[in-house]
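Have the chain open as you read.

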Amino acid sequence: MLNSSKPTLGVISAEPGPIELDWSATALVIIDMQRDFMEPGGFGETLGNDVSQLARAVKPIGAVLKAARDTGMLVIHTREGHLPDLSDAPPAKVERGAPSLRIGDPGPMGRILIRGEAGHDIIPELYPLDSEIVIDKPGKGAFYATELIDVLEKYGIENLLVCGVTTEVCVNTTVREANDRGYRCVVISDGCASYFPEFHEMGLKMIKAQGGIFGWVASSAAVLEAMPSSRSTPCWARP
Ligand code: C5J
């Protein structure tokens, strides 16, 4: 039963159907909006991808990020990458395929997909505030070998608004991990992107199919429409 009359509840117009969320138990999770995926010379391009395909997600994410900041929502950014000694990078990942540069090799933005290098950092348009949480992850999913579950439990989070890149890889993996851990996930359709537009479409379909087998999918406009408008909203601001 939907009950948007409670002040912390809101209903997002989503697929496969509307989803009611308690905003005070909801976090925005922005997946891997890193220069290594978004810009020429990074990990994504070394794999042979056209990185310009991902640019379309930046503005929708920026709009939701601004609203989340205005309302005091918990904001979590993730970054895929590895320690400089590659001790957290499985050989099966490093050795895979025939990229022009491998993980750890020197590239135009520093060593490919290595923590602390320029390419590993988040793009300036979506740069985290000091108050926001940044989760460094060695895998595709944001729960594997990270402190994410502890953060979500600490803040009493039950629902995740998920966006970022790429739709079918790190976004999908994280949503599947979150779903198995009991979180309601709403994936922001235009706030995700893939190097392969058809994988983006299928990645979203896989989430919302079968009555929302992994979660819900909504546009940034629908999410913004449902979000409380400012930090002045009572019982919204986090202590
Ligand atoms: C990939 C990611 N595609 N963030 N990582 O390797 O989706």
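Where is Pro16 found? Pro16 sits in the loop between β1 (9-12) and β2 (19-22). Bear in mind throughout that this is a predicted model.

## Two cis peptides

Pro16 is worth a look for its backbone: the bond joining Glu15 and Pro16 is a cis peptide, with omega about 10°.

Another cis bond runs from Val165 to Thr166, and here omega is near -10°. Thr166 belongs to the loop between β8 and α6, which leads us to the helix itself.

## Helix α6 and what it packs on

Helix α6 covers residues 167-180, so 14 residues in all. From first C-alpha to last it reaches 18 Å, close to the 20 Å expected at 1.5 Å a residue. Just after the helix comes Gly182, with a positive phi of about 95°.

Which residues of α6 are buried? They are Thr167, Cys170, Val171, Asn172, Thr174, Val175, Glu177 and Ala178. As a reminder about helices in general, there are 3.6 residues a turn, so residues three or four places apart point the same way.

## α6 against α7

How do the axes of α6 and α7 cross? They come within 9 Å and cross at roughly 15°. That angle makes α6 roughly parallel to α7, because anything under 35 degrees counts that way. The crossing of the two helices is right-handed.

On the α6 side, the contact uses Thr167, Glu168, Asn172, Val175 and Arg176. Across from them in α7 are Phe199, His200, Gly203, Leu204, Met206 and Ile207. Sorted by type, the residues of this contact come out as five nonpolar, four polar and two charged. Thr167, Asn172 and Val175 show up in this contact and are also among the buried residues of α6.

## Positive phi without glycine

Leu113 isn't a glycine, yet its phi is positive, about 60°. You'll find Leu113 in the loop between β6 (110-111) and β7. Is Leu113 buried or exposed? Its relative accessibility is 0%, so Leu113 counts as buried.

Gln210 is another non-glycine with a positive phi, about 55° in this case. Gln210 has its place in helix α7. With 68% relative accessibility, Gln210 counts as exposed, whereas Leu113 is buried.

## Helix α3

Helix α3 (residues 58-71) also has 14 residues. Its span from first C-alpha to last is 20 Å, close to the 20 Å expected at 1.5 Å a residue. After α3 comes Gly72, whose phi is positive, near 80°.

The buried residues in α3 are Val58, Pro60, Ile61, Val64, Leu65, Ala67, Ala68 and Thr71. What do they pack against? Their partners are β3, α1 (35-38), β4, β8, β9 and α8 (220-226).

One last stop is Gly156, in the loop between α5 (148-154) and β8. Gly156 has a relative accessible area of 39%, so it is partly exposed. Gly156 and Ile61 lie 95 residues apart along the chain, and their C-alpha atoms are separated by 23 Å. Ile61, for its part, is one of the buried residues of α3.

Note on methods. Residues numbered from 1 in each chain as written. Predicted model: local features only at pLDDT ≥ 70, side-chain atom pairs only at ≥ 80, totals over all residues. Heavy atoms only, no water. Helix = DSSP H or I, 4+ residues; strand = E, 2+ residues; numbered from the N terminus. Expected span 1.5 Å × (residues − 1). Buried < 20%, exposed > 50% of the residue type's maximum accessible area, 1.4 Å probe, protein only. Axes fitted to C-alpha atoms, helices over the stretch in contact; angles between N-to-C directions. Parallel < 35°, antiparallel > 145°, perpendicular 65-115°, else oblique. Left-handed = near helix turned anticlockwise from the far one by under 90°. Contact = heavy atoms within 4.5 Å. Nonpolar A, V, L, I, M, F, W, Y, C, P; charged D, E, K, R; others polar.
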